[in-house]
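Please find below a short note for a colleague who is new to this entry. The points are numbered and may be read alongside the sequence and the model.

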Amino acid sequence: MRLDRRYGAVLGAALVLVVIAVVYVVHAAGGTNAQRAGQGGTGQAGADSVLGTVALDRPGQLVFRNAEPGSQSGRLAAVPVADPSGRRTVSNLSCVRVYAAGQTGVCLTIERSAIPKITAVALDSSMHATRKVQLSGAPSRARVSASGRMISWTVFVSGDSYLTAGFSTRTGILDTRTGRVTPTLESFTIYKDGARYRAADVNFWGVTFADDDNRFYATMRTKGKTYLVQGDYDRRTLRALRTNVECPSLSPDGTRLVFKKATGDAARPWRLHVLDLKTMRETPLAEQHSVDDQAAWLDDRTVMYGRVDGETTNVWAVPADGSGGPRLLIKQAYSPAVIR
C-alpha cells in the first residue's frame, strides 16, 4: 500500500497521541500564570537546579522548558551549552512551549481558569514581556527568527467541521519591528504545482525563519497530504515544494532543514530526516524512536529535540548527517533553543 494511502490511518493514531499530549501539557501547566514574567521565585528547585535569572542576551546557553517534578516544573530554564547536564538555572516564567534567538524570546502560556487563557508572550533580553497575543487553542509550536524580529506560534484548535478528528491548527506570526500580527497563515495566497491553490481544509504548522526575516518554511496539510511550503512574508504567499514534510527547522547556516517524516507505521508514525535544500536529498537520522517535535539545531552538525520517555520528557541530540546515534542532552526538559 502506498504511503499516502497509509497516511490517513497513521494520522488517526497520531491524532490520538496529540490529544493525549495536549491534555498532559494543560494539566502540567495547571499553575501557569500568563502574568508571571519576572525572575526569581519561591519554592524549591530540584537538586540539580537553582532559582535565578535567565537572560536571553548571554550566548552559550541552552534554554528550555523545565520538566523536573515539583513546583518548578514547566518554567523556563537554562544550562550552559558546554555543560548541558550541569546545574540548571530556573526562572519564574512558566511556559508550555518556549524558544529564543536574537535576544528575543517567546513563551506560550496557559492561565488556568474556567476558560483557560492562552497567550503568546514576546520577551526581551531580560525576560520582560513586550507584547502579548491572545490565542485560541492548545499550544504546540513556537519559533523566533535569528535576528529576534519575527515570532511564530502554532496551536491546536477544536471545532473545525472538515476534520473528522474534530480539530485543526492555527499558525500565526508577529513582526516585532512593525507590531503587525498575522493571526493565521491561511490568509496567505497559496501556490501548488505552479497554480494558485484554494481548499477549505488547509492547515499550517511549524514555522522556521530564514536569516532575511522574510523567507520562511512551514508545513501545510490538505486533502490528507502534508507539504513543505516556502513562505514570503512581505508578499503574503506560500509555495508548496514537496510532500511528506512536517515541522521543518532551518539549520544555522541556512542550507538544510531537519523535519519529521511520516513513516506509514502506526507504532512509529514519524522519523527525523534532514533535507539538503540545494540537492533536495533527504537523509534519515539515527534516532529510531518516533519523535513528535519541531526539532532544533544545537549547531550546524547536530540536531536536538524533545522526546517523551515514559512519564517525563528529555532532550536528545543526534548527528545531522545520519551517522552515530542519539545521546541524552538534557534530562527532564523540553522545547530547547540555543542562545548563539
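1. In this predicted model, Asp 293 touches Arg 97, Arg 141, Cys 247, Lys 260, Tyr 305, Gly 306 and Tyr 334, leaving aside residues up to four places away in sequence. With Arg 97, the side chain of Asp 293 also makes a polar contact of 2.5 Å.

2. Where in the chain does Asp 293 lie? The residue belongs to the loop between β22 (282-284) and β23 (296-299). Asp 293 counts as buried because its relative accessible area is 1%, which falls under the 20% cut-off.

3. Trp 316 is found opposite Leu 328 of β26. In general terms, the strands of a sheet pair through backbone hydrogen bonds.

4. As for the chain as a whole, one helix and 27 strands are assigned. The chain has 340 residues, and 54% of them count as buried. The accessible surface amounts to about 14,600 Å², with 50% belonging to carbon and sulfur atoms.

5. Among contacts in the chain with a separation of 6 or more, 47% are between residues 24 or more positions apart.

Terms used
Residues are numbered from 1 along each chain as its sequence is written. This is a predicted model: local features need pLDDT of at least 70, side-chain atom pairs count only at pLDDT 80 or more; totals for chains, interfaces and linings use all residues. Side-chain values use heavy atoms; hydrogens and water are left out. Helices (H or I, at least four residues) and strands (E, at least two) are DSSP runs, numbered from the N terminus. Buried means under 20% relative accessible area, exposed over 50%, partly exposed in between (1.4 Å probe, protein chains only). Contact means heavy atoms within 4.5 Å. Accessible areas come from the Shrake-Rupley method with a 1.4 Å probe; for residues, only the protein chains shown count as cover. A polar contact is a pair of N or O atoms within 3.5 Å; within protein, one must be able to donate a hydrogen and the other to accept it, and residues adjacent in sequence count only if both atoms are side-chain atoms. Two strands pair if DSSP finds at least two bridges between them.
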